[in-house]
Amino acid sequence: MNENLLTGKVTGINGNMVSVAFAERVIQNEVAYVLMEDGTRLKGEVIRVRGREADIQVFESTNGIKVGDQVEFSGQLLSVELGPGLLTQVFDGLQNPLPELAKEAGYFLKRGLYVYPLDRERKWSYTPEAAAGAVLKAGDSVGSVPEGIFRHRIMLPFDWNGEWTVSWTIEPGDYSIDTVVAKVRQGSEERSVTMVQTWPVKVPITCYKEKLMPKEPLITQIRIIDTFFPVAKGGTFCTPGPFGAGKTVLQHALSQRSEVDVVIVAACGERAGEVVEILREFPHLEDPRTGRSLIDRTIIICNTSSMPVAAREASIYTSVTLAEYYRQMGLHVLLLADSTSRWAQALREMSGRLEEIPGEEAFPAYLESRVAGFYERAGLVTLNDGSNASITICGAVSPAGGNFEEPVTQATLKVVGTFLALSSERAHARRYPSIHPLDSWSKYTSLVPADKIAMARATLRAGNEVNQMMKVVGEEGTPIADFVVYLKSEFIDSVYLQQNTFDPVDSGCGAERQNRVFDKLIEVLKKEFTFPDKNQARVFFQKLRQEFIDWNYSPWKSEAFDTALGRIDALLNEAR
Ligand code: ADP
Ligand code: MG
């Protein structure tokens, strides 16, 4: 054992928390290892230091740890490894690769076994991009390698302060990630740059020139989102909903259809079966933009409900750090976290063990600041080279019983830009995606002009009122004018708000197409129909709806698209 290492001795064990007496120095949030008698080393993180005692949250089962076992303090904050080869991988919350995950339902790495996240042997075709004499700052590129469909930038480590002058670069060629590819100098100090660096997960990477207000819409190709409750590139949104409301299916659709470069999926504390499904499916899904496998631009961080709860807290930070790394390359990244409620539960569990004073529903008092801190790592930035890049964060929230008044949903609503309320009522009626058109909101700008949205919204609201009233007075007691408003609102719902996630055409509705379809929808809303009776009104809207749905299912700009539109126009012309 290394003589210089700082060590301590276990004094107590409480679930995943181990108390340690130490003699010298311990750093808050540093990584520590418990050395068990049988030689197993268990990784943990220092979460509290009091006097000569530290509390460590161990990331694995603490079975068999004994009072008196030795503990090694690493002096390093909990970190991830950043370099080429991250894309396509599946990691656990501590960035251990889980390649066998899709095959097995077991998922556990052997306890105490930690694996390099990145392949040490693999060769990458490196091209130097900063010549000798070039002056660089942290986060600037020295060169690049192809990774999937991108140039993966090899960057000056993010914690190298000040300006560095390139003193040497390697020839273009195939190298492994540990190869020194450049040397840089600052005053009398020279440092070597390799293709890999480490970064502490709880510290944001901020090597950019400035952070901008997110404005440009992030096209998700989901109509109800892009038109009614838009998301901005670099913005934040959340999808709270009760169990079974469609959160996971929605995030899945977002990962496939959103117009971003890189997708990071943080499967956090959800059931193993669901995660396996994602993992099985992803490699077979085609990226609609590139025709390649979707997994080529995806990283999955996976900490299922059957895995130790402590690593769950880390998994959220690991995923957002990977997102920041790819943003630093000038890319647009979407981070999907499912579910942040499970993450909050991990915080609550740890807080309970630490015997902290509990806040609402026993969540720690710092729940809000942790939630805010996570979403604040989203953002649109201008990099030093002038290019813009972004991280957009979407968090699923799974409040028990779908009660949005609970602390995690409330803390989330305070910080996000878009709130997509998933409703079990809509899910039960199979109105998918089950985003509630009256309860949801967005602070970002839609791709459709505001006056048109206002008109559709007013119809939805009025239609809802008529519907409520009809429940009391019946259809007979409802004036035909009101009845037509109701039919119009149902029409918006069935042809525009609802969208078939599993249809190859309807699942992705681009910006241009949304504008086109929405204009036609507005034409219908504006038209003052004079139906002789309610039955004829109903029959007309049934027909129109069918034609619209046919239109939605026809490929954009195809012949079928034009003929379906022709039938819609004919119907509208016939109606008086
Ligand atoms: P949650 O994650 O909120 O618990 P899921 O996303 O797993 O819920 O959805 C539960 C079930 O509801 C799915 O297995 C599927 O059968 C159905 N479902 C959800 N969203 C859709 C959708 N967009 N289209 C069709 N079925 C859906
Ligand atoms: Mg789910």
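Buried means under 20% relative accessible area, exposed means over 50%, and partly exposed is in between (1.4 Å probe, protein chains only). Before you click, note that this is a predicted model, where local features need pLDDT of at least 70, side-chain atom pairs count only at pLDDT 80 or more, and totals for chains, interfaces and linings use all residues. Residues are numbered from 1 along each chain as its sequence is written, chains are lettered from A and ligands numbered from 1 in the order in which they are written, and side-chain values use heavy atoms, with hydrogens and water left out.

Select Ala-362, in the loop between H5 and H6. (Helices, H or I with at least four residues, and strands, E with at least two, are DSSP runs numbered from the N terminus.) Ala-362 is not a glycine, yet its phi is positive, about 65°. With 41% relative accessibility, Ala-362 counts as partly exposed. Now jump to Asn-29, in the loop between strand S2 (17-22) and strand S3 (30-35). Asn-29 also has a positive phi, about 70°, without being a glycine, and its relative accessible area of 23% makes it partly exposed.

**Stop two: cis peptide bonds.** Pick Asp-338 and Ser-339: a cis peptide bond joins them, with omega at about 5°. Ser-339 sits in the loop between strand S22 (332-338) and helix H5 (340-353). Then try Tyr-432 and Pro-433, where another cis bond has an omega of about -10°.

**Stop three: inside.** Highlight helix H2 (residues 247-257). How many of its 11 residues are buried? The count is 9, so H2 is largely enclosed by the rest of the structure. Among the buried ones are Leu-250, His-252 and Arg-257.

Next, select Arg-377, in the loop between helix H6 (367-375) and strand S23 (379-382). Is Arg-377 buried or exposed? At 5% relative accessibility, it counts as buried. Leaving out residues up to four places away in sequence, its contacts (heavy atoms within 4.5 Å) include Val-201, Tyr-317, Glu-324 and Ile-393. Ile-205 is 172 residues away from Arg-377 in sequence, but their C-alpha atoms are 8.7 Å apart in space.

**Stop four: rings.** Rings of Phe, Tyr and Trp (its six-membered ring) pair if their centres lie within 6.5 Å; planes under 30 degrees apart count as stacked, over 60 as edge-to-face and the rest as tilted. By this rule there are 26 aromatic pairs. Show Phe-228 and Phe-518: their ring centres are 5.8 Å apart and their planes are at 75°, so this pair is edge-to-face. Phe-228 is in helix H1 (residues 223-228) and Phe-518 in helix H11 (residues 511-526), 290 residues apart. Phe-228 is buried at 4% relative accessibility, and Phe-518 is buried at 0%.

**Last stop: a helix pair.** Colour H12 (residues 534-552) and H13 (residues 559-574), which pack at about 165° with axes 8 Å apart. (Axes are lines fitted to C-alpha atoms, for helices over the stretch in contact, and angles run from 0 to 180 degrees between N-to-C directions.) H12 and H13 are therefore roughly antiparallel, a label for angles over 145 degrees. Where they meet, look for Phe-540 and Leu-544 among the H12 residues, and Leu-565 and Ile-568 among those of H13.

Terms used. Angles under 35 degrees count as roughly parallel, over 145 as roughly antiparallel, 65 to 115 as roughly perpendicular and the rest as oblique.
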